[in-house]
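Please find below a short note for a colleague who is meeting this structure for the first time. The points are meant to be read beside the sequence and the coordinates.

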Amino acid sequence: MPPMLILGIESSCDETGIALYNTDAGGALLSHALHSQVLMHQEYGGVVPELASRDHIRHVVPLLRKVLADSGRSLNELDAVAYTQGPGLAGALLVGAAFAEGLAASLGIPTVPVHHLEGHLLSPLLSSRPPQFPFIALLVSGGHSQLMQVNGVGEYQLLGETLDDAAGEAFDKTAKMLGIPYPGGAELAELAESGHPDVVKLPRPMLRSGDLNFSFSGLKTAVLTKVREIGAPSEQQRADIARGFQDAIVEVLVHKSLRAVTDSGLKRLVVAGGVGANRELRRRLDTQAANAAISVFYPALEFCTDNGAMIALAGALRFQAGASIKPAGAFAVRPRWPLAELTA
Ligand code: KG4
Ligand code: ZN
């Protein structure tokens with residue numbers, strides 16, 4: 001197949017991401033651009049869906065222009081437009097989908113609707129040291145916490161998932177209790193760096209449950225109880241709580257991920273999603289995986305959180321496989337879309 005140029009558009013939540021991917025020898029990300037809405041939503045303490053949609057509208061064209069200018073490519077060189085079809089916020093998804101379908105229709109090229117989590121799952125393939133299939137993936141974002149076996153593009157088997165809060169959601173809710181503004185996960189992790197270990201001891205939910213599921217809402221309640229007990233925590237106490245929380249959640253994530261790899265008989269673990277940026281998670285995984293002769297792969301930090309590059313990549317792989325391509329025009333977004341429904 002000759003090299004293809006695929007545009008990727010991500011707009012499922014509070015980040016507008018656009019990227020250009022070329023499928024030539026091994027594949028190459030030519031350029032990518034991102035606008036984060038975090039500052040806009042911060043004053044409301046969370047994402048306001050209607051504001052998110054309107055902001056995507058404002059940024060999608062300037063970001064596209066930037067990506068084209070940075071890569072020196074023009075619209076009429078595009079072979080297909082990939083975009084996030086779901087899951088996510090309906091209005092936000094509609095902006096990316098309508099824009100992608102309209103653009104593709106005007107250029108007379110097809111579209112490739114992409115599952116957002118497939119984008120996260122495949123994002124480590126963007127790195128200079130990509131993992132080979134099959135691998136186990138720990139997908140930990142603001143909306144999802146899942147362990148999956150990935151045998152190839154579109155071949156995903158769910159091994160375990162959270163029964164309540166997602167890992168990122170637990171980070172964000174705990175951060176909020178410590179007075180850290182939304183989204184809070186990264187800042188809480190930074191605060192934890194100056195906390196002492198074992199000063200604040202918190203439960204390790206479902207560590208010994210015998211399956212690969214998670215539960216994080218109890219941990220959040222334990223933090224709330226601790227914060228109330230202390231009353232007005234000092235800076236050091238806040239850091240100790242952050243440390244206690246992070247150590248608990250990281251221990252569970254590491255334990256279950258390595259267990260999933262061992263059970264599967266595979267030797268490769270991929271970590272994706274926003275929480276995959278967590279330094280303590282990376283440190284502990286690296287140490288414990290090395291002891292078990294397991295290789296761990298991470299996307300670059302900038303591709304852990306939502307971005308257009310992972311959508312362009314997933315779109316390119318889908319385009320090459322042929323099955324997911326559709327003529328530009330009629331479309332529907334899928335705000336709720338279980339990953340297990342995907343096929344190769
Ligand atoms: O994948 P992502 O950008 O969006 C979703 O699809 O949800 O993940 C965002 C989540 C947020 O909950 C954010 O607080 C969390 O990832 N996050 C972190 C870190 N950086 C981002 N959580 C812990 N430690 C970090 N360093
Ligand atoms: Zn995401």
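The numbered points below take up the metal site, a pocket and an annotated domain.

1. The model is predicted. The remarks that follow should be read as descriptions of that predicted model.

2. The zinc ion (ligand 2) is held by His116 and His120, each through NE2, and by Asp306 through OD, at 2.0 to 2.1 Å. Along the chain, the donors of this zinc ion follow the spacing H-x3-H-x185-D.

3. Histidine 120 belongs to helix H4 (residues 116-122), while aspartate 306 sits in the loop between strand E10 (295-297) and helix H10 (308-321), so the pair ties together parts that are 186 residues apart in sequence. Histidine 120 and aspartate 306 are both buried.

4. The site of the zinc ion (ligand 2) is irregular, with angles of 94 to 137° among its 4 donor atoms. The site is not classed as tetrahedral because that class requires all angles to lie between 85 and 135 degrees.

5. The second largest pocket has a volume of about 150 Å³. Its lining includes Gln85, Pro113, Glu118, Arg318, Trp337 and Thr343. Strand E5 (residues 111-115) supplies the largest share of this lining, 3 residues. By class, the lining of the second largest pocket comprises 6 nonpolar, 4 polar and 2 charged residues.

6. An unreviewed UniProt entry lists residues 29-312 as "domain: Gcp-like". Over residues 29-312 the chain is 48% helix and 17% strand, and the end C-alpha atoms of that stretch are 8 Å apart.

How values were computed:
Residues numbered from 1 in each chain as written. Chains lettered and ligands numbered in written order. Predicted model: local features only at pLDDT ≥ 70, side-chain atom pairs only at ≥ 80, totals over all residues. Heavy atoms only, no water. Donors = N, O, S within 2.8 Å, 3.2 Å for Na, K, Ca; no water. Tetrahedral: all angles 85-135°; square planar, octahedral: opposite > 155°, others 65-115°. Helix = DSSP H or I, 4+ residues; strand = E, 2+ residues; numbered from the N terminus. Buried < 20%, exposed > 50% of the residue type's maximum accessible area, 1.4 Å probe, protein only. 1 Å grid on protein atoms, 1.4 Å probe; cavity = no way out; pocket = protein on both sides within 12 Å on 5 of 7 lines; lining within 4 Å. Points joined across faces, edges and corners; volume = space filled by probe spheres on them. Nonpolar A, V, L, I, M, F, W, Y, C, P; charged D, E, K, R; others polar. UniProt positions renumbered as here; feature names shortened; annotations may be inferred.
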